[in-house]
Amino acid sequence: MCRQPYKYLLICWLLISSLLTGCAQKVPKKALVDSLGKSWDRTIPGNFSRQSKAAFDSTQLTIFLKRYPKLDVFATEISTFYHKRNFALAWYDNGKVIEQAGNLTNRVLNLQNEGIKQIPPYKRILDSLFYNNDPQSSQPDVQLELMLTAQYFLFSKVAWGGMNDSVSTSVNWYVPRKKVSYGDYLDSLLKAPASQTRVKEPVYRQYELLRAYLRKYRELDMAESWPPIIYNARSRKLGDTSATVQIVKSRLYKFGDYSGDTTSHLFEPGLVNALKNFQNRYGLTSNGILDRATCLQLSVPLKKLIQQIIVNMERSRWLPVSITGDYISVNIPEFKMHVYHADSLLWSCDVVVGKSVHQTTVFYGEIKYVVFSPYWNVPPSIVSKEVIPGIKRNSDYLSKQNMEIIGHSDGLPVVRQKPGNINSLGLVKFLFPNSYNIYLHDTPSKYLFGESSRDFSHGCIRIKEPVKLAEFLLKDRPEWNAGTISQAMHSGKEKYITLKNKVPVFIAYFTAFIDRNNKINFRKDIYDRDNKLAATIISGNGNY
């Protein structure tokens, strides 16, 4: 019986970071994971292949696994798959190898195109079995059949599932890993008609987009030398002329930012626009000037960019695939918050994230409360390092900071800042209970949003457009409109609003990603997270 596949479980940006002392809430980590489990543990059911006439004896599977012991790790998946099919052949139809078999073989034999260093076991045997298969024969080769299925499960694990949980945990990944029934997905894959050249893979959409750029950048690296571009004050702005300008034009042309004359030495308007495109893709100040920061980014070796792409492909493997409804994503290195409904990006705004010594944690939460005119419960670390020294310097420190002592704990005063315009949380905060003391909030320090690199906080996330977010979260509450929201924000009295429907929040860490214009973006690895993961991938010891 055919079954319609469930919708894939999707998310947007996510990833990485470390514990921090920020803005105070406490909820057990296990409770968060349990709340996600019901939705993320769902498999991706597919449809059984219609071919049922040609089958093989189950004992041949036992013989196969003894002959190829490195594939025995997938024995359970293979056995379950064929038991469901009554051991009907999956990769043959009317005695001929189906098209999907060739697609799989090509992917397995070229794992490097997936950004994977691992060499699949029995690679040469797969190559021999498939390419020496007699296309005129009507007698299926059971060895090829079983090798294809075993290699499918290997491929699905390394290319779609990624390295195991110990690796993601070691880089402070606190988002529950996706869980997919690859056996059920294989049913869907085999059922796809030959005319359907593209089958949606069970992996976060950024993965495939990054894979395309991996191929492009590797081709560039093989074809080009990539010497550094030295900053030259005579080659930085509109109207300047120099050989450096011509080199920059050529490089930007290869990156896809420039489409003009690459032989000219004149700094003309087309180059200004091209530089702005490039600067936007790297999160630089978009001024169209060939300044020092832009020269530095243009000089990054291609191999470094390739490594950055591969690292973020691996992160994409860990993510759930799809989600419906409203959700919010914050990409830490991008310093941006994105608001989505399903696959549709509704709007984005700038954010301020934790500095390197107070890193914003990467995890999943669900916004449950909007709090207008909030108190700020000052974390003990800030009390000891900032408040107490401030009181010692100035007896009016608490009054000037609009703070009060409301008790004592563990030898320290318990301090909170009253609601108001100078409150560190601004005029509204958005709570999603978690054990990392992280939430979204307004800020009185609006000038920080003018910086291109915005890692200034103690770990919580300051948002540039808090009113817009409040309106979005309360859109199903007619009593909360622009007027009542503004009134509550300026009332000076703390007020909690419980959302009717909690809104998922994903805190992400992508240093390479594809934007809505299908352009690759790179960002600075502000928490130095890429190198550790890259080393694990390059070593080939990623515990796939």
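Glu 366 is partly exposed, with a relative accessible area of 22% (buried means under 20%, exposed over 50%, partly exposed in between, with a 1.4 Å probe and protein chains only). The model is predicted: local features need pLDDT of at least 70, side-chain atom pairs count only at pLDDT 80 or more, and totals for chains, interfaces and linings use all residues. Residues are numbered from 1 along each chain as its sequence is written, and side-chain values use heavy atoms, leaving out hydrogens and water.

**Salt bridges**

- The count of salt bridges comes to 18, each a side-chain nitrogen of Lys or Arg within 4 Å of a carboxyl oxygen of Asp or Glu.
- Glu 366 pairs with Lys 502 at 3.6 Å, N to O.
- This pair links distant parts of the chain, with Lys 502 in strand E14 (residues 495-508) and Glu 366 in strand E6 (residues 364-372), 136 residues apart; helices (H or I, at least four residues) and strands (E, at least two) are DSSP runs, numbered from the N terminus.
- Lys 502 is partly exposed, at 47%.
- Arg 281 and Asp 257 form a salt bridge at 2.6 Å, N to O.
- Arg 281 is buried, with a relative accessible area of 4%, and Asp 257 is buried at 10%.

**Helix H13**

- Glu 314 and Arg 317 meet in a salt bridge of 2.5 Å, N to O.
- Both residues lie in helix H13 (residues 302-318), 3 residues apart, about one turn of the helix.
- Glu 314 and Arg 317 are both buried.

**Helix H14**

- Buried residues in H14 include Ser 381, Ile 382 and Val 387.
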